[in-house]
Amino acid sequence: MESWPPGGSGPAEAGPRLRGLRGADLAASASLLSGAGAGAEAGCSAPAVAAVLPAGGSGERMGVPTPKQFCPILERPLISYTLQALERVSWIKDIVVAVTGENMEAMKCIIQRYQHKGISLVESGVTRHRSIFNGLKALAEDQPNCRLSKPEVVIIHDAVRPFVEEDVLLKVVTAAKEHGAAGAIRPLVSTVISPSVDGCLDHSLERARHRASEMPQAFLFDVIYEAYQQCSDYDLEFGTECLHLALKYCHIKAKLIEGSPDLWKVTYKRDLYAAESIIKERISQQICVVMDAKEDEEHVGHRLEEMLKNELNHVKVTSGRDLQQIILEQCYNFVCVNVMTSDFEETQKLLNMLEESNLSILYPVVVISVQFLDYESVPFGQKMENLMQIREFAKEVKKTNILLYGLLVYYPQDEQKLQESLRQGATIIAALIKERNSGLIGQLLVA
């Protein structure tokens, strides 16, 4: 077993906080689990929590040669997003990933490249249950060479469910501590039927009375470890439901927790496109506008910023007066407006800051360099020659996962034409940020 300790250098956080419950109850419970709450101070011990991710599947249903957990989304393996979702939960102390021997080196590279912390690797088994059992053994103190502490509660999750939120993790862990086992469920989408041996309908289940079992699930460690130790070879070979093992071998009735729609599993190739669309949407909710002029100065760049606010009313548009803070807050979209100069000096400063911040390790960062073409004062040919430098800049920063685009706005022009150019510019900016198309980097688009 190999492990990577928590801590170390890396991004300020593991990425943007995604949708989830953020009430006082959640904050208080999470504080208790992390050992920082008033209960902990009063001597009420918080449960130690670990997670096991079986990641040894071949992804046959995906229909691609790469196992689905290693399929890229925005050029980053799917499993990295799932690890990120678990890492951001401060009270999960250890994460054990079970991968095949042939994918062990690939998994180590993913951990290093994306700076995941607190991850331990074990070799997976030939089935899902055997992989989970191997992960549990890594946490059991009765095993030789065990370097991890046995948790009180263990979460079992799928490597290909990247959108799990802290609130559902907290709910299943809290319920497992009380009931011994707990799992997320969702309403059935389709009616379940049972065919006869001759391929005809035998009977169907009443959809309203049944639920789909989802992940995550959580267990008192001693309960699920005992269940796996007693588990028959048949169940280890053909079983898929961990909650059933706790019931069958330890007589523990799991508490069922209603989960959110985000708990779906990436199974088919089309799911990769759906997951990519969700991730793009979530990292496109904030745009930072950086200008090479003071805020109180009158120039057309401020009008572009106002146009962005008006046209993109579902997106938070902020001024880049405190760039360091905005970068720390995980903004992944920047519009650099160049009015005072005809070169990329301001854009270059921004690119240098972004490269130093490591912001683009987890997600591609979009930078759109906006130039206003004053053809009355600068010869068109000279201006375009300067602007074509963007191609070389874009090639260079693409190596660090920064996507650089150019936008040219003609200026000055009459009020009506200027308004139309600014509106078209806002539309182009929105499309570039939403799509994050690497094929367009270094291109100079005209509004």
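At what angle do helix H11 and helix H16 pack, and how far apart are their axes?

Modeller: Keep in mind that this is a predicted model. Helix H11 covers residues 300–311 and helix H16 covers residues 415–435; they pack at an angle of about 60 degrees, with their axes 9 Å apart. Perpendicular would start at 65 degrees, so H11 and H16 count as oblique to each other. The crossing of H11 past H16 is right-handed.

As for who touches whom, H11 brings Val300, Arg303, Leu304, Met307, Leu308 and Glu311. On the H16 side, the partners are Glu415, Leu418, Gln419, Leu422, Arg423, Ala426 and Ile429. Sort the residues of this contact by type and you get eight nonpolar, one polar and four charged.

Now follow the chain out of H16. Arg436 sits in the loop between H16 and strand E18 (444–446). Its phi is near 50 degrees, a positive value in a residue other than glycine. Arg436 counts as buried because its relative accessibility is 5%, and the cut-off is under 20%.

Glu75 is found in the loop between strand E3 (72–73) and strand E4 (76–77). With 48% relative accessibility, though, Glu75 is partly exposed.

Helix H3 (residues 78–87) is mostly covered, with nine of its 10 residues buried. Among the buried ones are Leu78, Tyr81, Gln84 and Leu86.

Strand E11 (residues 211–220) holds Pro216, and the peptide bond joining Met215 and Pro216 is cis, with omega at about 10 degrees. Helix H7 (residues 221–230) is where you find Phe221. Phe221 is buried, at a relative accessible area of 1%. Beyond its sequence neighbours within four places, Phe221 is in contact with Leu136, Leu139, Ala140, Lys150, Pro151, Glu152, Val153 and Val154. Take Glu152: it is 69 residues from Phe221 in sequence, yet their C-alpha atoms are 5.5 Å apart.

Last, the cysteines. Cys71 is buried, with a relative accessible area of 4%, whereas Cys200 is partly exposed at 43%. With a sulfur-to-sulfur cut-off of within 2.5 Å, the disulfide count comes to zero.

Key: Residues are numbered from 1 along each chain as its sequence is written. This is a predicted model: local features need pLDDT of at least 70, side-chain atom pairs count only at pLDDT 80 or more; totals for chains, interfaces and linings use all residues. Side-chain values use heavy atoms; hydrogens and water are left out. Helices (H or I, at least four residues) and strands (E, at least two) are DSSP runs, numbered from the N terminus. Buried means under 20% relative accessible area, exposed over 50%, partly exposed in between (1.4 Å probe, protein chains only). Contact means heavy atoms within 4.5 Å. Axes are lines fitted to C-alpha atoms, for helices over the stretch in contact, and angles run from 0 to 180 degrees between N-to-C directions. Angles under 35 degrees count as roughly parallel, over 145 as roughly antiparallel, 65 to 115 as roughly perpendicular and the rest as oblique. A crossing is left-handed if the near helix is turned anticlockwise from the far one by less than a right angle, and right-handed if clockwise. Ala, Val, Leu, Ile, Met, Phe, Trp, Tyr, Cys and Pro count as nonpolar, Asp, Glu, Lys and Arg as charged, and the others, Gly among them, as polar.
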